[in-house]
Amino acid sequence: MKQLFQAFLRNPLLYIASGILFFLALFIFFFTEFFYELIETGSLWVREYFGRFYLWLGLLCVFFLIFIAFSRFGKIRLGNSPPEFDRLSWIAMLYSAGMGAGILLRAVQEPVFMFLNSPIETSSSSQVIALEYTFYQWGFTAWAFYGIFALLIAYALFVRKSDILLGSSLPQLKTINYLPQGINLLTILTTVFGLVAAIGLGTTQIEGGISHLTSTPAGTLSITILLVFIVCLLAFISAFAGIKKGIKRISNWNIYVTVILMFFVFFQVDILNVFSQFFESFYSYIIDFVPLSLALGKYNPGKDFLTDWTYYYWAFWLAWAPFTGIFIARISKGRSIREMILGVLLIPSLGSFFWFSVFGSVSFDLIENMDSYSGEFDNVFTSLFRFFEAFPLSDFTNIVTIILLVSFLVTSVDSAIYVLSMFSDKGKEHPRKKFRLIWAVLILLFSEAIILLGNIKPNSDVLTAMQKFLIISSLPFAFFTAGIMVLFLRELFKKH
């Protein structure tokens with residue numbers, strides 16, 4: 001008992017976080033339906049009273065980063081050494097960690113949903129509106145959430161020479177007792193919750209793809225559990241190898257295969273139509289960005305739509321922002337603040353926009369050429385696999401998609417393991433490998449528990465509850481984000 005207490009004193013953050021995760025899993029197991037109802041009520045309350053706050057915060061983050069990038073502060077260099085990674089590897093790693101399997105999950109289903117259920121009414125065509133709103137939910141705002149935390153940590157780490165812990169990223173935070181530790185604990189828990197939701201969605205899509213290829217019923221629990229184990233094992237191996245040997249190589253592979261898959265579709269369809277819809281939708285997105293961001297007038301899709309889509313997306317991006325931002329900061333050493341901000345805001349956004357333009361515009365054409373649309377692309381887990389049936393070599397492309405899904409998921413999980421290990425190892429840039437093992441095991445166990453519970457209790461979708469739980473757990477980060485922008489700006493004006 002004495003040894004256990006001494007171990008706790010040496011690393012209280014790790015023991016408290018793992019204890020909360022353990023007892024939360026037990027609580028969910030014994031009170032599954034009550035947990036689901038509690039989260040359902042809580043998430044609706046947050047979205048009812050703070051949904052508009054999320055919208056204003058998202059717009060503010062975008063404009064804040066643009067101001068920093070083009071002000072004199074943009075010239076500040078993050079460290080004195082040259083960039084640690086070449087630009088292509090840097091872009092590949094930040095894109096893989098920040099979006100990952102999501103662009104495969106929603107590649108077809110989301111544009112099609114927006115096409116069939118137009119969220120807003122403008123003078124543009126339904127195809128352009130569908131892509132414009134998809135751009136909005138995957139574009140500058142999402143990456144601005146990531147960019148705020150990346151900027152904060154990168155400045156603390158490479159300019160102020162502080163540690164990478166979020167709780168000590170600003171000197172003002174240290175003046176309040178226990179606040180830094182509380183921020184670090186909240187970051188760890190929110191990261192794990194977001195990761196579990198992503199693992200659940202990703203492995204369910206992989207299982208859906210395997211079922212589609214083998215013509216067997218989807219939803220086999222044993223396959224999903226095995227997939228979670230494989231993903232966490234591969235992620236641990238990658239995180240164990242480190243950023244340069246593991247995470248960098250997998251990230252580069254992800255980008256290469258994603259581009260090949262996209263161009264496989266692109267060169268078999270009406271290229272001019274894809275470009276036309278891409279540029280027209282992008283132009284509309286830029287012109288409409290402010291009213292879209294604030295849901296003003298005719299750009300207001302209604303509370304129900306915002307609740308199901310935009311508010312949830314903003315909460316999800318916020319939940320991923322701390323660990324993704326820390327990871328982006330870690331790989332941005334040697335670059336200027338301007339280069340990091342513009343790289344984070346523009347390059348992944350434009351890549352996502354073109355990706356959705358290719359798959360979205362082709363899906364619209366396929367639907368319009370059908371005698372009758374019967375919901376072929378409605379299922380988020382199988383829509384992409386059904387889409388590839390319209391092209392040659394569909395079995396091969398679906399196998400490649402499944403491999404890419406695993407790879408994207410591994411990249412998201414391994415970067416999270418690496419960042420969580422930094423938190424557990426007192427903010428070290430290169431955390432000890434035992435912490436990487438500890439977090440790989442914790443994430444594996446918690447993910448397996450949630451997925452198992454989601455299948456044992458069919459009347460209570462625990463995985464959906466965990467996604468909604470993000471809306472609650474990300475609310476403190478929403479307020480924290482607003483506060484740190486003010487404090488960080490004051491520090492910049494004071495010191496530069």
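Predicted model: local features only at pLDDT ≥ 70, side-chain atom pairs only at ≥ 80, totals over all residues.

Biologist: Which elements make up the protein chain, helices or strands?

Modeller: One begins by counting the elements. The protein chain has 21 helices and 0 strands.

Biologist: How compact is the protein chain for its length?

Modeller: One compares the radius of gyration with the value from the globule rule. Here the radius is 22 Å, close to the 23 Å that the rule gives for 496 residues, so the chain is as compact as a globular protein of that length. Along its principal axes, the C-alpha trace spans about 70 × 55 × 45 Å.

Biologist: Among contacts between residues at least 6 apart in sequence, what percentage joins residues at least 24 apart?

Modeller: For the protein chain, that share is 83%.

Biologist: How many of the residues count as buried, and what does the chain expose?

Modeller: Of the 496 residues, 60% count as buried. The chain exposes about 19,700 Å², and carbon and sulfur atoms supply 66% of that area.

Biologist: Which residues have the most contacts inside the largest nonpolar core?

Modeller: They are Phe359 and Phe387, in a core of 174 residues. Helix H15, residues 310-331, gives the most to this core, with 17 residues. Leaving out residues up to four places away in sequence, Phe359 touches Ala107, Val108, Leu261, Met262, Val265, Leu384, Phe387 and Phe388.

Biologist: Is Thr224 buried or exposed?

Modeller: The cut-off for buried is under 20% relative accessible area. Thr224 has 9%, and therefore counts as buried. Thr224 lies in helix H10, residues 221-241. Beyond its neighbours within four places in sequence, Thr224 is in contact with Thr203, Glu207 and Ile451.

Biologist: Where are Ala295 and Leu393 placed?

Modeller: Ala295 is in the loop between helix H13 (289-294) and helix H14 (303-308). Leu393 is in the loop between helix H17 (383-388) and helix H18 (394-424).

Biologist: Why does Ala295 count as buried, and why does Leu393 count as exposed?

Modeller: Ala295 counts as buried because its relative accessibility is 5%. Leu393 counts as exposed because its relative accessibility is 57%, and the cut-off for exposed is over 50%.

Notes
Residues numbered from 1 in each chain as written. Heavy atoms only, no water. Helix = DSSP H or I, 4+ residues; strand = E, 2+ residues; numbered from the N terminus. Buried < 20%, exposed > 50% of the residue type's maximum accessible area, 1.4 Å probe, protein only. Core = buried A, V, L, I, M, F, W, Y, C linked by side-chain atoms within 4.5 Å. Contact = heavy atoms within 4.5 Å. Rg over C-alpha atoms; globule rule 2.2 N^0.38 Å. Areas by Shrake-Rupley, 256 points an atom, 1.4 Å probe, with all protein chains shown as cover.
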